Amino acid sequence: MKLTTKDVADYFTQTPVSIADNPRLRTPQQQGHAAAVTHFSAAGAERAMEQIPVGCGKTGLITLLPFGCAQGRVLVITPNLTIRRHLFAAFNRSSPKCFYLTAAVFRDPSNHGPAVAELDADANLSDLDEAHVVVTNIQQLARDGGRWLEGLPQDFFDLIVVDEGHHNVATSWQDVFERFPDAKIISVTATPFRADDQPVEGEVIYRYPIAEAMRLGYIKHIQASNVAPSELVFSYRGSDRTHTLEEVLRLKDHDWFSRGVALAEACNVSIVDASIEWLKHLREGGFPHQIVAAACSVDHARAIRRLYEERGWKAHEIHSNMSQDQRDRVLRDLENGILDVIVQVQMLGEGFDHPPLSVAAIFRPYRSLSPYIQFVGRAMRVNGQDAPGHPDNRGIIVSHVGLNLDRHWDDFKQIDTEDRELVHGWLTDQQPVPTPRQEGDRPPLRPDMIVRHELTLDRFLGETYLDIPQDDMPRRILEALKAQGIDPAQAGLDPEILQALQETRVTSEPTGPVAQPVQPQAHRQAIRHRLDEMSRVLALRICNEAGLSPGGRKLAAKGGTGAASDLQAVTILVHRAVNDHLGIPKAARRELSTEEIDTAINALEDIGNDVQDDVIKRVT
């Protein structure tokens, strides 16, 4: 049945709801709702924004906002399909994940929530007419030239709620706002700023502190742990240099230096070893914690994956070049505990929720704060709800001092301040403008700076985000149990017992890097796979530089390779050149020693240049 604006307004203004006095709701949900009601009760209220840290109940808050704020239909806009589905389930009275039901929001148990429509490919206008709330992702709303927007009257929506509101200055979002000029607009986000220095729409009417979220156990207690070498030896444009830790800490501000550290195997190994050490420490309590790693590129992710695998840990990379089926398979393995490590390249962002990811290993330099926080957020969701101090509610951010990420950690700790000038300073940290390539230049496989090795990896540099006094843990645990409706006394728990239990916990933790054992055979097998992977990357680069389509037959048709496509032909030529360089016959790669494989990898740049010259001659 089609709902009138009055029908919808009456529902959101007259339905008895339990919010301010609801013990099942979290503080930021109650306070965020109250702040929005107060804000929009004023005449001519401006667009609003609320900042809620990841894991603190942002989805629940969004479902509460229509009550007391909306005088008509509500439009909820998400940045992607994953979040759209998650939010639809939270609104949907037919779903077991409906937030109104799990949080007992309605005083009348027969009221299961508003009618909600999901704007997907099968939706039509009648679905929207019969709904109190419409949930969509921005891509669906703007598709086909914005046909959805054109088909709706300007007063169709009274309230627009934007999830992940730091996207809301983009043109597609602004088009929506302009289409419904009289609608009230509120954005909810964990990251109230963008990395491109554009202002985020909306007056900040509520901000929940990250530190308070940690104190109450809404998010993990996180700490930074950076590998710090006493000395680092590297080659820069052919010249070997040795630097002390103090010199490394000065050089890390230079982009060329931090980029070189990111792509250096020696530094990657130290981050891998440190993250494994922390993972083993966290797993001592029996919980299956996992590692999420951030890489610079697809090839970099594969290299990092191999480092974990040769140390006996199950790992896989995930990136946008994979098919949806491949990505789904990797995520299933992660969620089922088959993987110890997932290495991502600009994936697993907004909307991804997997609490066992407790170690975030950063192998890339972040030039701005926003993507750094987005990644760190993957390790912030708790494994035990509302349990501050719980040993499984710790998140460790592991990296290398040479990546210059400590500045973002320091800025991250200042997010709770009111100093907006400081936030503006974060946003001005932009990616450097790349130097244009000159004609004839070839994209290198390796950077100008190559770290040869690190000497005496003897310490971690870093700190906790928030110090929670250990002697206060028993009281906090008892409070958390009571908040969940559990009587600690009936369970035989009191502060003295909890204190005694706490003292039996394993309290030691890694204080410095320890090299993880690698069997020579595993290392040889891993770098042999790396040689094959790098050869394929090189073949694709040669195709691009020679103007060949990977699926074309311009080169393949000339014969001599037996390939069905140009990419296959170039790959075969690269493999032949590698074999010639090593002086081995076809199909003899299996017999190569570690030293021979290293020789081939180190020579791959020059081998690729020769093959590229040969390919260009063949096709011109």
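These are my notebook entries on what I looked up in this predicted model.

**Ground rules.** I number residues from 1 along each chain as its sequence is written, and I leave hydrogens and water out, since side-chain values use heavy atoms. In this predicted model local features need pLDDT of at least 70 and side-chain atom pairs count only at pLDDT 80 or more, while totals for chains, interfaces and linings use all residues.

**The sheet.** I looked up the strand order first, taking helices (H or I, at least four residues) and strands (E, at least two) as DSSP runs numbered from the N terminus, and counting two strands as paired if DSSP finds at least two bridges between them. I found an open sheet of 7 strands in the order 3-4-2-5-6-1-7, with parallel pairing. Strand 3 (116-118) and strand 7 (203-207) are at the edges and have a single partner strand each, so one side of each lacks a neighbour in the sheet. From one strand to the next, the twist averages 20°.

I then checked burial, where buried means under 20% relative accessible area, exposed over 50%, and partly exposed in between, with a 1.4 Å probe and protein chains only.

**Helix 4.** In helix 4 (residues 81-91) I listed Ile83, Arg84, Leu87, Phe88, Ala89, Ala90 and Phe91 as buried. Asparagine 80 caps the N-terminal end of helix 4, with a side-chain oxygen 3.2 Å from the backbone nitrogen of threonine 82.

**Positive phi.** I searched for residues other than glycine with positive phi, and one of those I noted is alanine 104, with a value of about 50°. Alanine 104 sits in the loop between helix 5 (99-102) and strand 3, and it counts as partly exposed because its relative accessibility is 35%. Glutamine 346, also not a glycine, has a positive phi near 50° and lies in the loop between strand 12 (341-344) and strand 13 (357-362). Is glutamine 346 buried or exposed? At 69% relative accessibility, glutamine 346 counts as exposed.

**Aspartate 328.** I placed aspartate 328 in helix 14 (residues 324-335), where its relative accessible area of 28% makes it partly exposed. From aspartate 328 to isoleucine 318 I counted 10 residues in sequence and 9.6 Å in space, C-alpha to C-alpha.

**Cavities.** For cavities, I used a 1 Å grid over the protein atoms alone, a cavity being a set of points where a 1.4 Å probe fits but cannot get out, with lining residues having an atom within 4 Å of a point. The structure holds 2 cavities of 30 Å³ or more, and the second largest cavity has about 40 Å³ of space, a volume being the space filled by probe spheres set on the points. Among the residues lining the second largest cavity I noted Met214, Lys220, His221, Val382 and Asn393.

Key: Axes fitted to C-alpha atoms, helices over the stretch in contact; angles between N-to-C directions. Polar contact = N/O pair within 3.5 Å; in protein donor to acceptor, adjacent residues only side chain to side chain. 1 Å grid on protein atoms, 1.4 Å probe; cavity = no way out; pocket = protein on both sides within 12 Å on 5 of 7 lines; lining within 4 Å.
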